[in-house]
Amino acid sequence: MKNNNLNLVERVKAPTPKWFKIVRAIGITLTAVGGAILTAPVAIPATIVTVAGYLVLGGTIATAVAQTAIQAEESNNTENKDETKNAEKP
């Protein structure tokens with residue numbers, strides 16, 4: 001499979017599946033919420049600050065993993081079926 005030989009830059013630039021686009025959006029949202037809580041100009045209890053730190057960490061990891069997911073190439077079986085169908089048409 002060609003996708004196994006991609007470097008990091010090629011992998012990030014490759015098309016992302018729909019499910020991982022959703023995961024990436026959720027990760028970005030979690031990171032933004034956690035960052036907003038951490039940078040709030042008011043005194044916040046330590047527990048909430050700790051949870052915000054975990055939100056930033058989890059959101060960052062989810063975003064990075066989702067961004068590096070790539071769409072798999074179609075298998076040769078589906079390509080062969082398409083070629084057979086096209087060959088049968090007059």
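**View 1. Left-handed crossing of H2 and H3.** In this predicted model, H2 passes helix H3 in a left-handed crossing. The residues that make the contact include Phe20, Val23, Gly27, Leu30, Gly34 and Leu38 on the H2 side, and Ile48, Ala52, Leu55, Gly59, Ala62 and Ala66 on the H3 side. Sorted by class, the residues in the contact of H2 with H3 are 14 nonpolar, 9 polar and 1 charged.

**View 2. Axes of H2 and H3.** The axes of H2 and of helix H3, which spans residues 46–68, lie 7 Å apart, and the two helices pack at an angle of about 155°. Because angles over 145 degrees count as roughly antiparallel, H2 is described as roughly antiparallel to H3.

**View 3. Threonine 16 in its loop.** Threonine 16 is found in the loop that lies between helix H1 (8–13) and helix H2 (18–38). Its relative accessibility is 8%, so threonine 16 counts as buried. Leaving aside residues up to four places away in sequence, threonine 16 touches Lys21, Arg24, Ala66, Gln67, Ala69 and Gln71; among these, Arg24 of H2 and Ala66 and Gln67 of H3 also belong to the contact between the two helices.

**View 4. The protein chain as the setting of the close-ups.** The protein chain has 4 helices and 0 strands, giving the pattern α-α-α-α when read along the sequence. Of its 90 residues, 14% are buried, and the chain exposes about 6,900 Å², with carbon and sulfur atoms supplying 64% of that area. Among contacts with a separation of 6 or more, 75% are accounted for by residues 24 or more positions apart.

Note on methods:
Residues are numbered from 1 along each chain as its sequence is written. This is a predicted model: local features need pLDDT of at least 70, side-chain atom pairs count only at pLDDT 80 or more; totals for chains, interfaces and linings use all residues. Side-chain values use heavy atoms; hydrogens and water are left out. Buried means under 20% relative accessible area, exposed over 50%, partly exposed in between (1.4 Å probe, protein chains only). Contact means heavy atoms within 4.5 Å. Accessible areas come from the Shrake-Rupley method with a 1.4 Å probe; for residues, only the protein chains shown count as cover. Axes are lines fitted to C-alpha atoms, for helices over the stretch in contact, and angles run from 0 to 180 degrees between N-to-C directions. Angles under 35 degrees count as roughly parallel, over 145 as roughly antiparallel, 65 to 115 as roughly perpendicular and the rest as oblique. A crossing is left-handed if the near helix is turned anticlockwise from the far one by less than a right angle, and right-handed if clockwise. Ala, Val, Leu, Ile, Met, Phe, Trp, Tyr, Cys and Pro count as nonpolar, Asp, Glu, Lys and Arg as charged, and the others, Gly among them, as polar.
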